[in-house]
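Here is a short briefing to read alongside the coordinates. Have a look at the fold and the confidence colouring before you set anything up.

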Amino acid sequence: CSSLISSRFSFIPTASTNPKAALKSKIVAEFRPQSLIDELLLYKRSEDQIELKEKQLSTMRVDVCSTETLKCLKGKA
């Protein structure tokens, strides 16, 4: 009876036999939340800068046909 049970349950994958489970374990073990937080903060700052520049440009009255005006804007960016 015990051989019947062991033969029926010997196919259950474990982390050592299942490559996906082993990879997931490795990813979880090597995960560093601080580096993710740092990257997200940099991304947020970048988005904030873009939003600020868009607001500044939208409040300016610019003649887009004037090459001089566009050169001045390019110099400020």
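Of the 77 residues of the chain, 3% count as buried. This is a predicted model, and the accessible surface of the chain comes to about 7400 Å². Carbon and sulfur atoms account for 63% of that surface.

**Overall architecture**
- The chain holds four helices and zero strands.
- Read from the N terminus, the order of elements is α-α-α-α.

**Confidence**
- The chain has a mean pLDDT of 78, with 70% of its residues at 70 or more.
- Among the elements, helix 3 (residues 33–59) has the highest mean pLDDT, at 92, while helix 1 has the lowest, at 48.
- Residues 2–7 have pLDDT below 50, and beyond near neighbours in sequence this stretch makes zero contacts in the model.
- Where pLDDT is low, the predicted coordinates should not be read in detail.

**A closer look at Asn-18**
- Where does Asn-18 sit in the chain? Its place is the loop between helix 1 (2–9) and helix 2 (19–30).
- Is Asn-18 buried, partly exposed or exposed? Its relative accessible area is 26%, and because buried means under 20% and exposed over 50%, Asn-18 counts as partly exposed.

How values were computed. Residues numbered from 1 in each chain as written. Predicted model: local features only at pLDDT ≥ 70, side-chain atom pairs only at ≥ 80, totals over all residues. Heavy atoms only, no water. Helix = DSSP H or I, 4+ residues; strand = E, 2+ residues; numbered from the N terminus. Buried < 20%, exposed > 50% of the residue type's maximum accessible area, 1.4 Å probe, protein only. Areas by Shrake-Rupley, 256 points an atom, 1.4 Å probe, with all protein chains shown as cover. pLDDT = per-residue confidence, 0-100. Contact = heavy atoms within 4.5 Å.
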